[in-house]
Amino acid sequence: MVIQYPVLSPYYGKVEKIIHPSASYFYEWETLFLIRTSDGMIEEIVADTIFL
C-alpha cells in the first residue's frame, strides 16, 4: 500500500537537495529537502503530522 500526501512549503525557490527519496519511509520532523529562496537563504522543509 502506498500513501501519498502533498508537500506544502511556505518558501518559494529552487530545491537544492532532496534528503529522502520518494520511496523511503520518513519520520515526523525529519528533513525532506532543502530550498534556496530568492534571497539566497537555504530553508529546511521537514515532515509534519497530518490530522485527517
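Colleague: Which residue in β2 is the bridge partner of V15?

Modeller: That is I35. Do keep in mind that we are looking at a predicted model.

Colleague: What do β2 and β3 form, and how many residues lie between them?

Modeller: They form a hairpin, with four residues between the two strands. In the turn, G40 has a positive phi of about 90 degrees.

Colleague: In which order do the three strands lie in the open sheet?

Modeller: The order is β1-β2-β3, with antiparallel pairing.

Colleague: Why is one side of β1 and of β3 left without a neighbour in the sheet?

Modeller: Because β1 and β3 stand at the edges, and each has a single partner strand. As for the geometry, neighbouring strands are turned by 30 degrees against each other on average, direction ignored.

Colleague: Why is strand β2 called mostly covered?

Modeller: A residue counts as buried when its relative accessible area is under 20%. In β2, which spans residues 31-37, five of the seven residues are buried, so "mostly covered" follows from that cut-off.

Colleague: What share of the 52 residues in the protein chain is buried?

Modeller: Buried residues account for 13%. The chain exposes about 4,800 Å², and 59% of that is supplied by carbon and sulfur atoms.

Colleague: How many helices and strands does the secondary structure of the protein chain come to?

Modeller: Zero helices and three strands. Read from the N terminus, the elements run β-β-β.

Colleague: And what percentage of the contacts between residues at least 6 apart in sequence join residues at least 24 apart?

Modeller: That comes to 23% in this protein chain. A contact here needs heavy atoms within 4.5 Å.

Technical notes: Residues numbered from 1 in each chain as written. Predicted model: local features only at pLDDT ≥ 70, side-chain atom pairs only at ≥ 80, totals over all residues. Heavy atoms only, no water. Buried < 20%, exposed > 50% of the residue type's maximum accessible area, 1.4 Å probe, protein only. Areas by Shrake-Rupley, 256 points an atom, 1.4 Å probe, with all protein chains shown as cover. Pairing = 2+ DSSP bridges. Axes fitted to C-alpha atoms, helices over the stretch in contact; angles between N-to-C directions.
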